[in-house]
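Open the model in your viewer and keep a selection tool at hand. The stops below follow one after another.

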Amino acid sequence: MDTVIVDACAMKLVLDPRQFDVLVTTNLFGDILSDLVAGLVGGLGMAPGANIGEDSAIFEAVHGSAPDIVGMGLANPVALMLAAVMLLDHIHLTEMAMRLKR
């Protein structure tokens, strides 16, 4: 475990994101860093999110609902599908998770 100032963390994520296993941040810094990392993997439409606590967990696409493009055929379902993979892994349905990921 290590403590890093958020701007240095952003630089480290850009240079080599593999050096991190887990990031624990405040809500504001987590939102900023998750958007930065989403840019590294192709944009917000590719980034799943998970908030995991002791008694509950939430899995979602980090980009939100995008109501401005409803009905236009532009939505990218990849982030939501990857969030579902993480959910299935979390509840120990690994085979189903791998099937969806493939």
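**Stop one: a charged pair**

Select aspartate 16, which is partly exposed with a relative accessible area of 27% (buried means under 20%, exposed over 50%, partly exposed in between, with a 1.4 Å probe and protein chains only). This is a predicted model, in which local features need pLDDT of at least 70 and side-chain atom pairs count only at pLDDT 80 or more, while totals for chains, interfaces and linings use all residues. Residues are numbered from 1 along each chain as its sequence is written, and side-chain values use heavy atoms, with hydrogens and water left out.

Arginine 18 forms a salt bridge with aspartate 16, their closest N and O atoms lying 3.1 Å apart (a side-chain nitrogen of Lys or Arg within 4 Å of a carboxyl oxygen of Asp or Glu). The count by this rule is 1 salt bridge.

**Stop two: a hairpin**

Select residues 48-52, strand E1, and residues 57-61, strand E2; they run antiparallel and are joined by 5 bridges. Strands (E, at least two residues) are DSSP runs numbered from the N terminus, and two of them pair if DSSP finds at least two bridges between them. E1 and E2 form a hairpin with 4 residues between them.

Now pick alanine 50, which stands opposite phenylalanine 59 in E2. Then pick asparagine 51, whose bridge partner in E2 is isoleucine 58.
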